[in-house]
Every structure is written in structure tokens, then in C-alpha cells.
Amino acid sequence: MERAVARAHLPRSGDSSEIPPSVPTGRAQLRRGPRRSRTPRPAGWVLVLVAVALIPLLVATWTFGRSYRTSEIGQVDSRLTATAGRLTDELGAAADRTSRLGLSMARSPRVQRALARGATTRRVSRSPSGAVRLEAAPGSQPSPVPPASVSQTVLVRAGHQVIGHVTAWVSMTDLLSRLSAKAGVEAAAVADGHVVAGPLRGYAVTEASTAPRALPLGDNRYRVLRQPLGSRVSALFFIPYSKIESSVRHRELPTVAAGAVTLLALGVLAALALPRLSGLRERANGRDWRRPVALVGDVAVAAHDPDALLPVILETAFAATDADGGAVVWEGKEIASLGDTSTPQRVLSLPLGDERRPEAGQLLLYRRRHDFSDRDQELARSLVAQGRIALENARLHHLVRRQAQTDELTDLANRRRFMSALEQEIARTARFGTPLSLVLFDLDRFKRVNDQCGHQVGDLVLRSTAEVVRTRIRGTDLAARIGGEEFAILLPGSAAAGAVTFAENLRVDLRREVAVEGVRWPTTASFGVAEFRAGMSIETLVGAADKALYQAKAEGRDRVCTADTGDADGPPR
């Protein structure tokens, strides 16, 4: 009967945890024992925290993807704009060649005799710059030439009488093909609103925008820039968006891989540490049993920050091995410490560096009395091994993030990072009323360096220019390469007078210090300076500095010009 009563009063789910008076003490302890041991399983915590850590990873991947895409489109736009600029020079050279060859043929006695007889003569002059086709025919009307051609017509006279003409022309398609091969940009000629050659032949391109833009043609999208060459002819430079997306995916892969491996390492780290850390709940020394969960949360938060990961690795190993003290030493300098590090009797030292320099960092665990058991040492090594993986992937994450904001040739900020910083500085200046100036400068006749010395020498000139700029700016300034040979420097706290002095000193330094083997003339630059005024937008400030730079070019180059207040609508360069 007593047994039946006890069974009737056994606690069930939802009952009070108080022991009923009629239940025998031993039986109640048996029933309470399992309830006290129901702690969250380590695997469950690991899965929850890894799932939580996935959220910032996905956000970071999406953010970096947008950054990479913006950066890649900016680079593509710079290439398209630079190629369009080269076309102007190529057209001038082609016009000179056709005029020179046309005059030479018109002066030929043989051609003049043929024209007097009413005969037509055709020639082709070939050179590395391309083929020039010439036709000498009777009459004064120019010979018909293919659409999208650069042509010149010279009249041939016998005394005061016109006996014929010579028409010389260069095919725009051939010219664009050579330019495309040099620049790595697709190019095609457009006549009467239709592409006349190349992979886009037959497509209609009627919009007159001369700035880079997206253009859907057929089933594909292109980044295009249209350069008008006359009333009916223009050049179209384009790069398929598929190439842009391929480059973006190629740059995203290291980010995704680094994040995935970091999460895996954190999961293993937490799985190894949490069982040992969970034992802290059973201790009677007053330690908080919730600390293991907080530790794993700290690891997830610090996933992409090497400086924040080191203290977390130390605390995790410290708690897991029940050490009395610990420290992280990096390149001889103590980064973090925990517990009693004053008089250790037993020291466990584990390397934290990477494969190239394993001894660069050390994790030191201390005990005053007992040695570290084999189990403690093995657990500490496992934790440190996973911590090293997390550190390496955090380093890779930082590297990839930096690459998304840095110009890879000069190691200065790229256009995207510069425009973001400019927006922030304008907001700060508008709020606090501090001065802000913008300096734009462009290397003079840089195309001459590429054409006569090669693009590798041109790259050396750009790197040398960036190095001079880097040694002249303050820690609060920001220098960026925003185009082919165009640079920008943001000067917070500087008014126009100070910015002009800075630009003038930099101009002199560039002329004196940028010396690259193979370049036989000094490197000069033209500068435009503009100070932010209340009510200005980013576009008006940049436009003012750009107009001042245009003025410096027009006045003879190698000089500094300052924008007038509100002067932001200069002609495009």
C-alpha cells in the first residue's frame, strides 16, 4: 500500500520540484537525479551558434559581392573611357596618313597621266598602323567608300583644270579591331544607328549617351560606351556582363571559402571545448555555468577579426584545461593575459603562428601545482589547431575585404572606397563646419609613356607616383587612383589655400622624384583643387575640382588651378 502511494505521488512533467512528504527520500532522489543532469547538449549549442554565425557570413558575402561588382564595373568603365580616349589619337593619326598618302599619289606623274587618259588607279598601302586604300579616278566627285571609314579626297589638276581626284580611306572596322586587341575591350563601328561589323553586327544602337552604361542586346547585356565620330558614324566599345560576373565570382570565391572554413573551424573548436566547459556547471566553486555558451558566442562574433580571436582562443583553452593562468604572446609582445601569470610552476606552450612562421605567436598556459595531464595537453593542442585555422581564415577575410577597396596596381584606395569616404567627409563637414578640400591630378601625356616605352613602364610610373603621394599625405588624408592615370586626394581639415600649397609641393615632388628607367622626360601632372562649400553635393565638388584640372591642362599642363566657389559645371575631360 505504501508503495502504491509513493508511486501515485511521483512527480511528472510540469509538477512542482518540491519533494512530496509521502515519497520515500531515496526514491525521490532517483527521480530527481535525471532532471538535474538535463543540460543542453553541446552539439545543439554548436549547431545553434554556427547557424547564428551564418547570418553575418551571408550578409558579408552579399555585401562583398556588391562591392566586387561595383569595383569591377568601375574598372570596366575606366577601361572603356581610356580606350575611347585612345581612339581620338588613332583617328588623328589615321587622318594624317590618309592625307599624306593621298597627296603623294596625286603628285605622281604616272597617276596624273592615267587620269588624263580617263583611267582609274587603285592602291593599298600597308603598314603596322593598318592598311590605307587609295583610288585615283576621273572627275571631282569623291569615290564611294565603305560606311564607317576615315577618308580624305585630294583633287588632281593639270594647270587650272581638274582632271581627277584621289580618295584615300582607312576602314574604321580595321582601326577598331587593332585598338580592341591592344586594350582588351570589344569594339565595333556604328553607322546610321546600326552596328556594321563584329559580334553585334546588325543590332540597332540609337541612344546618344557617351557615358558608360548597361545595354541589353538580344539575350545578353553589355557595358557599353558610344563615342560619336560625326553626324552618322560612331564607335561602340563594350564588354559583356558575363565577363564582369565571371570576374566577380572569381573574386567572391576566396571570401565564401574563407568564411565557410572559418565556420567549420569554429564548429570543431566549439565541439571540442564545450563538453569540457559544460562541466563547469557541476563545480561548487561558484563559477557561472553559462560562461561556455558566452565563450562560443565570442568565437562566432570574432570570426573575422584576428585581434579579437586571440583573446577568445586564450580564454577557451584556459577554461578547457582548468589552467591557473594564461597569455598570448605575438612576436615577443604580450597581446592578452588571463588569471595568475606571476609565479607559474608548470607551463604549456603551443604555437599560434601560420605555416610560414609557426613560432610568431605562442599560447602559454600556467599551473601553480599540478602538471597538465595528457588529456589536457591533447585538448589544448586541438583547440589551438582549430584556432590557427580560424586566424588564417580571418586573415584571408581581411585580405579579400581590403582587395575590394584597394587599387591592385598602386595599392591606393580605389574609386569606390574614395567616393564612400568623400560622402562621409562631406556629411561630417556639413555637420561640424570644418574645412574640406579635394585635389584631383592627372599625369600629363601619359599615353606617350605607354606608346613609346610600353605598358609595363607605364605601370612603373603609376606605382612610383603612388609611392610619392603616399609619403606626402597625412594619416587623416585619403589618396586614391580613380582612373587610368588620374588620382584624387581627400584633405579633411584643409581649406583651399592649404590644399593649393599641398598640391604645388606634390607637383614639384612628382617632377623631381618619379624617375623610371626608359622614360627620358620628366613626369609632370596637372592639378585641380576645390574646397567644399555649404550646399555642395558630391557631384558638384568633384565637378569643380575636375573643371580646375581641365583648366590646368588647357593652360599648358604641369600646374595647379583652383576652382571658383560654386564652379562645378566644367566641360568634360
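1. First, the ground rules. This is a predicted model, in which local features need pLDDT of at least 70 and side-chain atom pairs count only at pLDDT 80 or more, while totals for chains, interfaces and linings use all residues. Residues are numbered from 1 along each chain as its sequence is written, and side-chain values use heavy atoms, with hydrogens and water left out.

2. Two backbone angles deserve a look. Most residues other than glycine have a negative phi. Glu 331, not a glycine, has a positive phi of about 50°; Glu 331 sits in the loop between strand E10 (325–330) and strand E11 (333–339). Strands are DSSP runs (E, at least two residues) and helices likewise (H or I, at least four), numbered from the N terminus. Arg 557 also has a positive phi, near 70°, and is placed in the loop between helix H14 (538–554) and strand E18 (560–562).

3. Are these two residues buried or exposed? Glu 331 is exposed, at 52% relative accessible area, and Arg 557 is partly exposed, at 28%. Here buried means under 20% relative accessible area, exposed over 50% and partly exposed in between (1.4 Å probe, protein chains only).

4. Now a helix pair. Helix H11 (residues 446–453) and helix H12 (residues 455–472) pack at about 140°, their axes 7 Å apart. Axes are lines fitted to C-alpha atoms over the stretch in contact, and angles run from 0 to 180 degrees between N-to-C directions. H11 and H12 are therefore oblique, a class left over once angles under 35 degrees (roughly parallel), over 145 (roughly antiparallel) and 65 to 115 (roughly perpendicular) are taken out.

5. Salt bridges: a search of the whole structure finds 20, each a side-chain nitrogen of Lys or Arg within 4 Å of a carboxyl oxygen of Asp or Glu. One of them joins Arg 368 and Asp 340 (3.3 Å, N to O). Arg 368 lies in the loop between strand E13 (361–367) and helix H9 (374–403) and Asp 340 in the loop between E11 and strand E12 (346–351), so the pair ties together parts 28 residues apart in sequence.

6. Arg 507 pairs with Asp 558 in another salt bridge, with the closest N and O atoms 3.0 Å apart.
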